[in-house]
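This briefing goes through one structural model by topic. Please have the sequence and the coordinates at hand.

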Amino acid sequence: MGARNNPRQQMPRETASTGPALSGEHAEARSIAALRRQAEGCERCDLYKNATQLVFGEGPIDARVVFVGEQPGDREDLAGHPFVGPAGRVLDECLHEAGVDRSSCYLTNAVKHFKFEQRGKRRLHSRPNAGEIQSCAWWLGAELEQLRPDLVVALGATAVMTLLGRSVAVTKNRGDLIDTPAGYPVLVTIHPSYLLRIRDGSDAAAQRARFVEDLTKVAVYEAEHERRKQRRL
Ligand code: SF4
C-alpha cells in the first residue's frame, strides 16, 4: 500500500459510543473457519429463510484492514461470496486507484444473509432493520475479535451503525477515523453501491473521487501504523 497524503492529518479521534458489533456479546470460536461453520446454521433472525445461502466474510486471516459493508446483494447471495457484484467491482476499482491491495484485506458485511423484496422475477435490495443488524452483530463482533485488525473501514450507514452506534453518521463523519475501545479505529465512508445510484454524471464523478480520497486514508494509516511499530522494535 502506498501512502499519498500526510499521515499526521489522519490521526484517529475518540468516540464516546460503540455499536453492537463492538460492544455486545458475540459468538466464540477458535478460528474464522469455525465461526463460518457455526454461522451456516444461524437462525438468530428471519433473513436466513429466503436467502440462498450465508455470505460470510472472506480474506486473509492475518489481514490488517477489514472492510464492512451492509449485506450481500443479489449476486453475492447466488455466488456465496462478498463484494462480487456491481458494487464490489466499483470497490475494486476505487481501492486500486487509492493504492490499497484488496487481496490483502478481509471483506465482510454487517448482515450475512440477503434481504430483498420479490418483484416479479427481480429481487430488490431491502435494507436490514435495527433488530437484524443487532442479531448479526453476533457474527461480525466475533470476526473482528478473531482478526484483531489495525483498521476497520465502515462502508455505509449500516456498517457505521453496527460498529459505532447511532451517534456517528456517514453524512456528518465521512472521511473521519474514529477511535474505538476495541483498540483500532474505524474509518467512516459511503457504501460503493451509493455511487451506482447517482444519476447525474458530474455528481457521480465527484462522489467517486471523494470515495477514492477516503480509501487513500487506509494506505496512509497503514504506512504510519507500520512506521510506529518499527520505531517500537
Ligand atoms: S442475517 Fe445474520 S443473524 Fe440473521 S440469520 Fe443470517 S447470519 Fe443469522
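**Confidence**
- The model is predicted, with a mean pLDDT of 93 for the chain.
- Of the chain's residues, 93% reach a pLDDT of 70 or more.
- Residues 1-9 are a stretch where pLDDT stays under 50; the model has 20 contacts beyond four places in sequence for these residues.
- Where pLDDT is low, the predicted coordinates should not be read in detail.

**Ligand shell**
- The ligand is surrounded by 15 residues.
- The closest of them are Cys42, Arg44, Cys45, His113 and Cys136.
- Nine residues of the shell are nonpolar, four are charged and two are polar.
- Helix H5, residues 130-147, contributes the most to this shell, with four residues.

**Helix H2 (residues 32-39)**
- Ile32, Leu35 and Ala39 are the buried residues named in H2.
- These residues lie on the same side of H2 because they cover an arc of only 55° around the axis.
- An α-helix has 3.6 residues a turn, so residues three or four places apart point the same way.
- The buried residues of H2 pack against H5, the helix that also gives the most to the shell around the ligand.
- Ala33 and Arg37 are exposed, on the face of H2 turned away from its buried side.

**Helix H4 (residues 86-98)**
- H4 has 13 residues and reaches 18 Å from its first C-alpha to its last, close to the 18 Å expected at 1.5 Å a residue.
- Its buried residues are Ala87, Gly88, Leu91, Cys94, Leu95 and Ala98.
- The arc they cover around the axis is only 130°, which puts them on the same side of H4.
- The cover over the buried residues of H4 includes helix H8 (193-197) and helix H9 (201-232).

**Helix H6 (residues 157-164)**
- H6 is largely enclosed by the rest of the structure, because seven of its eight residues are buried.
- The buried residues in H6 are Thr158, Ala159, Val160, Met161, Thr162, Leu163 and Leu164.
- Gly165 follows H6 and has a positive phi, near 80°.

Technical notes:
Residues are numbered from 1 along each chain as its sequence is written. This is a predicted model: local features need pLDDT of at least 70, side-chain atom pairs count only at pLDDT 80 or more; totals for chains, interfaces and linings use all residues. Helices (H or I, at least four residues) and strands (E, at least two) are DSSP runs, numbered from the N terminus. The expected span of a helix is 1.5 Å times one less than its number of residues. A residue is buried if 20 or more other C-beta atoms lie within 10 Å of its own, exposed if 12 or fewer, and partly exposed in between; C-beta atoms are placed from the backbone. The arc is that of the directions from the helix axis to the C-beta atoms. Two residues are in contact if their C-beta atoms, placed from the backbone, lie within 7 Å. A residue is near a molecule or strand if its C-beta atom, placed from the backbone, lies within 6 Å of it. Ala, Val, Leu, Ile, Met, Phe, Trp, Tyr, Cys and Pro count as nonpolar, Asp, Glu, Lys and Arg as charged, and the others, Gly among them, as polar. pLDDT is the predictor's confidence in each residue, from 0 to 100.
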